[in-house]
Amino acid sequence: MVLVLLIGDLHIPYRTHGLPTKFKKLLIPGKIQQILCTGNVCDRETLEYLRGIAGEVHVVKGEYDENPAFPLSLIAQHGPVRLGVLHGHQSVPLGDQDALSALARQMDVDVLVSGGTHQFSAKEHEGRFFVDPGSGTGAWAGHSENDAVPSFALMDIQGSVIVTFVYQLIDSEVRVDKIEYRKAAPAPTPTGGMSGMTSPKPTPPRGAESVWSAA
């Protein structure tokens, strides 16, 4: 099992002062193996905070990031699953499903993580899984008059099965929802009339209650 935190569009300190306190209480150091950030971290202190949560942190460049080390996109491989990450401004219009699908095909990924909209979304489309973790701070998006709902996502990856837990701060309470994606097994290769072997079913992921269990 691998736990991957998806977070982005933080805009600290330019549009907000920091992550919600209730989110910080959930993000326990040592529980998460990898962080994939969709960009707009903005300041060094926030980047160091993320590095304190997980030993492996990858950030793509948002339009407000000045760190030259951040790439425009990246790919993370977890067993049979390829995850692509980009900020989202490459999608025109922003968040457009057809544009995101084209980017996922270009990157040859099973899961595409993108940001920019400041709104959480997750959907399966044409066999691929698309996730926007939203804004971890609920920062103003620029194209909306109101602040966004603070949110992040946690992926529990077990083989070809991904269970995504989305955390949203609504009316000062953290709401958690669960979404499951299963990568389709490749079609068996014909072997001279013999029927192909089918892949065993993956072990069902553990429930949400196990994600933040105390040490």
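Modeller: Just after helix α3, D108 takes a positive phi of about 55°. Please bear in mind that this is a predicted model.

Colleague: Noted. What happens at the start of α3?

Modeller: There, a side-chain oxygen of D96 comes to within 3.2 Å of the backbone nitrogen of D98.

Colleague: And which residues of α3 are buried?

Modeller: The helix spans residues 97-107, and its buried residues are Q97, A99, L100, S101, L103, A104 and M107.

Colleague: What covers them?

Modeller: The cover includes the strands β4 (73-78), β5 (81-86), β6, β7 (121-125) and β8 (128-132).

Colleague: Let us take β6. Is V111 buried or exposed?

Modeller: V111, which lies in strand β6 (residues 111-114), has a relative accessible area of 0%. The cut-off for buried is under 20%, so V111 counts as buried.

Colleague: Which residues does V111 touch, leaving aside those up to four places away in sequence?

Modeller: V111 is in contact with V81, R82, L83, G84, F129, M155, I162 and Y181.

Colleague: Changing topic: where is H78, and is it buried or exposed?

Modeller: H78 is found in strand β4, and with 13% relative accessibility it counts as buried.

Colleague: What polar contact does the H78 side chain make?

Modeller: It pairs with the side chain of Q34 at 2.8 Å. Beyond four places in sequence, H78 touches V2, V4, Q34, L83, I157 and G159.

Colleague: What stands opposite Q34 in β3?

Modeller: The residue opposite Q34 is E56. Likewise, the bridge partner of I35 in β3 is V57. Strands β2 (residues 34-37) and β3 (residues 56-59) pair in the parallel sense, over 4 bridges.

Colleague: How does helix α2 relate to these two strands?

Modeller: Together, β2, α2 (residues 44-53) and β3 form a right-handed β-α-β unit.

Colleague: What is the strand order in the open sheet?

Modeller: The order is β3-β2-β1-β9-β10-β11, which makes 6 strands with mixed pairing.

Colleague: Why is one side of β3 and of β11 left without a neighbour in the sheet?

Modeller: Because β3 and β11 (173-182) stand at the edges, each having a single partner strand. Neighbouring strands of this sheet are turned by 20° against each other on average, direction ignored.

Colleague: Where does α2 pack?

Modeller: Helix α2 packs on the sheet and touches β1 (2-7), β2 and β3. The direction of α2 makes about 140° with that of β3.

Terms used:
Residues numbered from 1 in each chain as written. Predicted model: local features only at pLDDT ≥ 70, side-chain atom pairs only at ≥ 80, totals over all residues. Heavy atoms only, no water. Buried < 20%, exposed > 50% of the residue type's maximum accessible area, 1.4 Å probe, protein only. Contact = heavy atoms within 4.5 Å. Polar contact = N/O pair within 3.5 Å; in protein donor to acceptor, adjacent residues only side chain to side chain. Pairing = 2+ DSSP bridges. Right-handed = clockwise from strand over helix to strand, strands pointing away. Axes fitted to C-alpha atoms, helices over the stretch in contact; angles between N-to-C directions.
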